[in-house]
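Please find below my notes on the model under review. They are arranged as numbered points, to be read alongside the sequence and the coordinates.

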Amino acid sequence: MATDMQLTIPMPLQIIVDDVGWWSGQDGSQFNQPYRTGIGRDHQPEDYLALAALGKGLGMKILAGFVLCEWDKANLLRKLPSSTWMGEDWNNAGIRPAHKERAADILRRSQANIEIGLHGIGHELWVDGRMQRAEFHNQHCEMRDKDEIRRHLDFFLQLMEQYKLSPAPVSFIPPALKHSFGNGEEGFQKLLEEFGIRYVATHFDKARQFSAPLHPQLTWENNVLLVDREKAESAWNATACEPAFAFDRPFLTLHWANILHHDPAKNLDVVRRWIDFIREGSKKQRILLARDTQSCLSQYLHRMFSTVHEQNGEFSIDLTWKNDLPRHLIDHSFFVELTPSPITDFKIYGADAECIRNTVGSTIFQITPQSGLTKILLGPGQEM
């Protein structure tokens, strides 16, 4: 076996798209309505096809942060006046029903490529009929009333049920990135846990931190894992954006407008540019495109915390950190890369392994540790 062989745990990459779900693309912030996507036209079913095409082209389930008030076909939200600019006079039933049914069908058929994440009902909150930023925390990242938050979370699920959209979201993207963490049983993550949310993608620098995160980019509390997704690459309302990303972190954050064109017939031209850019950049930077959010976070945690040691051409991977993490938050498997590819038989002890990709330059294995083990050994094909 080559003495200069290296074993690394590659960085994963997952795509996040905010502000999906609006049917009007008008920025209404100047007249007491939501900012929406700011695209300047109504959204079409073709905009959902664009999202599905992005996921399919990358072999990924895109995390899409949904806002659902403009889907309401039964005027359900009259019972939740804080969720819209019309309050108890909310009237959305009968607006573009055929388009919504077609879009719902696209979402149901695209579950392999679109993950419905919780972003909000109206993105903002209306108090005494006036808009306030944002839906779950105010502009100072102070949490809204707990019972009101629970109602908003429950109504979000009821809106999904109107169109038989599933599964229920397990990921949350805070509206306007107004968020808080670090206050345990009294905090927002406790409410998210009640509704089955396991993951939060936010920007730590913008959040209110009652206590420091366990790691600068990651923390967990109340069985919820929070990750610092950092800032978006493009302006929230910029359409047909020229692709840009540094490929230096696990999340590429976009807004829906960024992958769309003012002419919906040209959406796929924009999407293809993003797909080509992401694929080429990931290959160049030796980044793995994640299958979904959980896979991405699992790989990222291993990259951050699993310790690789090498001695005389043999490797060990220490997984002790997993004892401190709630087990349901991550996949059983993760990926390692051997560079260059081994020229002799290569054995892995303490885990099952599957070769995912093998080239002259490197070999990628999917590693599934055996139950209860916190150390994996890798080396030449003899007893270790």
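**Notes on the predicted model**

1. Cys141 has a relative accessibility of 5% and therefore counts as buried. Cys241, at 8% relative accessibility, likewise falls in the buried class, since the cut-off for burial is under 20% relative accessible area. The structure is a predicted model, and both assignments should be read as computed values.

2. On the matter of disulfides, the count for this model is zero. The criterion behind that count is a pair of cysteine sulfur atoms within 2.5 Å.

3. An open sheet is built from four strands, in the order β15-β16-β21-β18, with antiparallel pairing. The edge positions are taken by β15 (307-311) and β18 (346-349); each has a single partner strand, so one side of each is left without a neighbour in the sheet. On average, neighbouring strands of this sheet are turned by 15° against each other, direction ignored.

4. Within that sheet, β16 (residues 314-318) and β21 (residues 375-380) run antiparallel and are joined by four bridges. At the level of individual residues, Asp318 stands opposite Lys375 of β21.

5. Which two helices pack at an angle of about 20°? They are helix α1 (residues 45-58) and helix α5 (residues 267-284), whose axes lie 9 Å apart. The two are therefore described as roughly parallel to each other, because angles under 35 degrees are placed in that class. The crossing of α1 past α5 is right-handed.

6. Met304 belongs to helix α6 (residues 293-305).

7. Met304 also makes contacts with residues elsewhere in the sequence. When residues up to four places away in sequence are not counted, Met304 touches His215, Gln217 and Leu218. For one of these, Gln217, the separation along the chain from Met304 is 87 residues, while the C-alpha atoms of the two are 9.4 Å apart.

Conventions: Residues numbered from 1 in each chain as written. Predicted model: local features only at pLDDT ≥ 70, side-chain atom pairs only at ≥ 80, totals over all residues. Heavy atoms only, no water. Pairing = 2+ DSSP bridges. Axes fitted to C-alpha atoms, helices over the stretch in contact; angles between N-to-C directions. Buried < 20%, exposed > 50% of the residue type's maximum accessible area, 1.4 Å probe, protein only. Contact = heavy atoms within 4.5 Å. Parallel < 35°, antiparallel > 145°, perpendicular 65-115°, else oblique. Left-handed = near helix turned anticlockwise from the far one by under 90°.
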